[in-house]
Amino acid sequence: MASHPLMPALLEYTNDAVFLCDRKERIIYMNSSMRRLTGHYRPGHPACHEVFPRKEENCSLCPFACLASNPGPLPAELELTTARQKTITVRCRAFQQLPGFPPLPGLLVILQNITIVKTLQQKYRQTLLALNDQILKRQKLQEELQFSEKLYRTILDYTGMAVTLIEEDHTISTVNPELSRLSGYDPEELLGRKWDEFVHPEDLPWMQALHVARRTPGQRVPNQYEFRLRCKDGSYKNIFYSISIIPGSRQSVGSMLDITERYRMEKALRQSEEKYRLLVESIEDGFYETDLKGRIVFCNSALCRMLGYTKEEMIGASYRLIVDEENRRKVFRAFNSVYSTGRHEKGFSWELITKEGERRTVEVSISLLRNEQDEPTGFCGIIRDITEKQAITRKLRDLSIKDTLTGLFNRNYFDEKMQELTAPQYSPVSIICCDLDGLKFINDTRGHKIGDQLLQVASAILKKCFRSDDIICRLGGDEFVILLPNTDTTTAQMACRRIKEQVEIYNSTRPEIPVHLSLGTATGDTAKVPLGEIFRQADSNMYKEKFASSQSTRSMVTRALTRAMQKAGRPGSDTRQKLEEFSQLLESILK
């Protein structure tokens, strides 16, 4: 390098590291940049591996080993380890000959330290990759945001509920089409206006207070309530309002549901219930509602009056409170039947017990109560007190089938039973016909009052001879008939003997008004002989006995008249004269 005096001076001032390596791999020259780069400042001619330490001792593995024969394959960039054990990246250029200069004694190598550049390039590439990743993420977020905005707008527009966005200063900043449809205002007529303008004056003060409280920390404010919305046509609609603050803002978003029709229906329902309750309270019959377990949940005043309990005593009580065990079973069967079929039933007849212990006969109707899901929830119905009605019915029945003078069954009942006893299960049927002898004479001589008493005596005698459920009829005048189903001839004749015995007993103790009954009986199988024929046979037998005993009857009546004349007083009196006339008349009749 001494043969080129300018070379060292030029090389000392370049920023690139320059060194000259002879063919023995000894560095015979290095400039100051080279010394700073490698950190090698020792004098002499160090070997290449002293400046650039390597683990391999074989120099053939060194990149500079090939420079002596062919510097071309030298890599453009190398990573080298300096004497300070620092790894650097350099860009290499090697020369064996410089243009215009004498031949070089070795290989001239110029190293440009690009470690920082490479680091910056790597960081740049990493930054570009990170930036590109962020750009992709941002694009994805933008796409998701756009989708969310479209989804939000779609939901907002087609949710079916009116939605509005309210600013802190009461300004309406966002509305959806449903709010326009609900209020009648176009969106342009709503945006930018205060929501206060669209609220009923009576609802405005408390809604304004809620607006402020909702934006005040620590205040608990309801998120749902009802108010009245003023529409464009001046009408008001009932609104169910759900509203809340958007997190991280002072804005509130609210959704409105039109409940005007529901409110109208609820009002109509309340009015209907009031009318229903008024109607229930105004009727004379009892009304009840029970749950499925039979507990009374409602009753009207008429039922309380009927049973003698107060409403407080009735509500919550079981139906067992007002029935005995027998009727409890009837009630259970009736309610169970209605529950099973689901049909309204009426005409059930039970006996209820009042608070004072009195028994009342009632007629009951039962209907099944259901909830909105059509599930059975209880029962309701009308309870009508028919105690007096039944008494009147029984009385009317008795009047229609009973003889008012004697209390025996009359001809109407006799005809009814004659129809009934034709059935085979009543055979054999026996009929006893009776005739009260001398009744006309008693009526004519002693008056109808005495005659009526005699009829009552005869009726009492017949009642003594038969059971209370036997059929004893007075057909009219002095005629009596006893119908005896499932009775044979022997039993019927025994009954006739009992009658005669009772007549003798009576006449022996009451000689003033003697009783004589002519009897006739007949028995037959209704499957073979018509019942009417049996009756005619009994009647015929009765008249045979009547004629057969006419002489004894005449004697008995004569004796009765004689006793009556003796009691009538002196001869010539009016009473005695009348008795004599009646006696003569009787003689002519009996003959």
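Two residues are in contact when they have heavy atoms within 4.5 Å. Keep that in mind. This is a predicted model. Among contacts in the chain between residues at least 6 apart in sequence, 48% join residues at least 24 apart.

Now the overall picture. The chain has 591 residues, and 38% of them count as buried. It contains 19 helices and 19 strands.

Next, the aromatic rings. How do we describe a pair? We use the distance of the centres and the angle of the planes. The structure holds eleven aromatic pairs. Take Tyr288 and Phe335: their ring centres are 6.3 Å apart and their planes are at 55 degrees, so this pair is tilted. Tyr288 sits in strand S11 and Phe335 in helix H11, 47 residues apart. Both Tyr288 and Phe335 are buried.

Phe335 also pairs with Trp350. This pair is stacked, at 6.2 Å centre to centre with 25 degrees between the planes. Phe335 belongs to helix H11 and Trp350 to strand S13, so the pair ties together parts 15 residues apart in sequence. Is Trp350 buried or exposed? Trp350 is buried, because its relative accessible area is 7% and the cut-off for buried is under 20%. Ring pairs link Tyr288, Phe335, Phe348, Trp350 and Phe379 into a cluster.

One more ring. Arg498 lies over the face of Phe466, 5.8 Å from the ring centre.

In helix H14, the buried residues include Leu439, Phe441 and Ile442. Just after H14, Gly447 takes a positive phi of about 100 degrees. Helix H15 covers residues 448–465 and holds Gln453. Gln453 is partly exposed, at 34% relative accessible area.

Methods. Residues numbered from 1 in each chain as written. Predicted model: local features only at pLDDT ≥ 70, side-chain atom pairs only at ≥ 80, totals over all residues. Heavy atoms only, no water. Helix = DSSP H or I, 4+ residues; strand = E, 2+ residues; numbered from the N terminus. Buried < 20%, exposed > 50% of the residue type's maximum accessible area, 1.4 Å probe, protein only. Phe/Tyr/Trp six-rings, centres within 6.5 Å; stacked < 30°, edge-to-face > 60°. Lys NZ or Arg CZ within 6 Å of the ring centre and 35° of its normal.
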